[in-house]
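Hi everyone, thanks for coming. Let me put the structure up, and then we'll walk through a residue and a ligand site together.

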Amino acid sequence: MACQCLVNAAGYTFLALVGYKLLSVFIRILGPYLLFPGVDLKNKAKGGWAVVTGATDGIGKAYAFELARRGFNIVLVSRTQSKLNDVKKELNEKFSNTEVRTFAFDFARSMTRQDYQPMIDELNKLEVGVLVNNVGMSYDYPESLHKMEGGLDRVTDITVINTLPVTLLTAALLPQMVDRHAGIVVNLSSASANYPMALWAVYSSTKKYVQWLSEILRREYANKGITIQTISPMLVCSNMSKVKRSSFFTPNATSFARSAVSTIGKTDDTSGYMSHQIQVEIMGLLPSFVRDYLINSMSTGTRAAALKKKAREAKNE
Ligand SMILES: NC(=O)c1ccc[n+]([C@@H]2O[C@H](COP(=O)([O-])OP(=O)(O)OC[C@H]3O[C@@H](n4cnc5c(N)ncnc54)[C@H](OP(=O)(O)O)[C@@H]3O)[C@@H](O)[C@H]2O)c1
């Protein structure tokens, strides 16, 4: 009898745990994208300016447009002044009341605090309500570390670009946010950080750094009124992803940014897009050996196609 009671208790506990897990999955998929009420971003930010790094293309540019649409003045930070001027012009044409400033800065060639100081000084003259740490760099194609396209230079650039700007700019702008007891920091990681991805060592690890940094900062600034959000997307159409045509699972950057911005204040950690969150949750439910197998197959397939293309191009030269 006692034995039967124990079996029943174990059964109910198991069912409760499975139920809890499934409910959490549904809340993460539906909550920020369909269920939770909208948040007043201006009120959360309490600063009229939004700074976006890597803002001349892809997701960063789309964040800049979405934040301008929501009434923020924008600082665009990127490497190429001519591209910054073009994006500024586009923003001014679309949002005539938005003030736009640009800052040309090469994050790959800037390694010290002294390099950053002029930009930090300029940014701190403004009331920065939102900081979007978006700039990032990836591989040309998946490859093992010692054979990476671009060699040690590329290894250095990815490591620096994916970790230093997010750390330094956040540290430099937090003081004014702490003083105002408000502010929003959005850090662009990647779903590749959710699992140790073979053939993406530097990218996956540096994006894990972004997730970890954001998670720790949330603990440090929990009672300071500051929102620190991690966004870890799957594939989005952009130069980096090399995907041109959007689909249900691969949105264009504009749709992605609109969705991701709408999750600020609703969740601290998400992929940014509902169909991405479905993929993330399915991957999370798989046993790790199945997940590793799928990721490895995809990466080796992509590498084989890239190497074939490279060989074809070399032959045609
Ligand atoms: N696209 C995806 O599928 C995907 C998926 C997961 C995560 N993410 C993350 O999302 C972020 C944006 O990705 P994306 O696909 O939009 O990238 P993207 O299209 O390649 O755009 C990169 C932006 O960063 C700027 N940039 C690149 N190197 C720079 C440097 N050294 N100094 C200053 N600016 C530099 C580029 O400006 P210039 O043109 O002037 O160089 C451009 O504005 C990244 O952090 C990425 O890791 C993307």
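In which strand is Val 75 found? Val 75 sits in strand β2, residues 73-78; helices (H or I, at least four residues) and strands (E, at least two) are DSSP runs, numbered from the N terminus.

Before going on, a word on the model: it is predicted, with local features needing pLDDT of at least 70 and side-chain atom pairs counting only at pLDDT 80 or more, while totals for chains, interfaces and linings use all residues. Residues are numbered from 1 along each chain as its sequence is written, and side-chain values use heavy atoms, leaving out hydrogens and water.

Back to Val 75: it counts as buried because its relative accessibility is 2%, where buried means under 20% relative accessible area (1.4 Å probe, protein chains only). Leaving out residues up to four places away in sequence, Val 75 touches Trp 49, Ala 50, Val 51, Val 52, Arg 101, Leu 123 and Leu 126, a contact being heavy atoms within 4.5 Å.

Now the ligand. There are 31 residues around the ligand, and Arg 79, Thr 80, Lys 83, Tyr 203 and Ser 238 come nearest; being near means having a heavy atom within 4 Å. Helices α3 (58-69) and α7 (201-220) each supply at least two residues of that shell.

What about polar contacts, meaning pairs of N or O atoms within 3.5 Å? A side-chain N or O atom of Lys 83 is 2.3 Å from a ligand oxygen, and a backbone N or O atom of Ile 59 lies 2.7 Å from an oxygen atom of the ligand.

Note on methods
Polar contact = N/O pair within 3.5 Å; in protein donor to acceptor, adjacent residues only side chain to side chain. Buried < 20%, exposed > 50% of the residue type's maximum accessible area, 1.4 Å probe, protein only.
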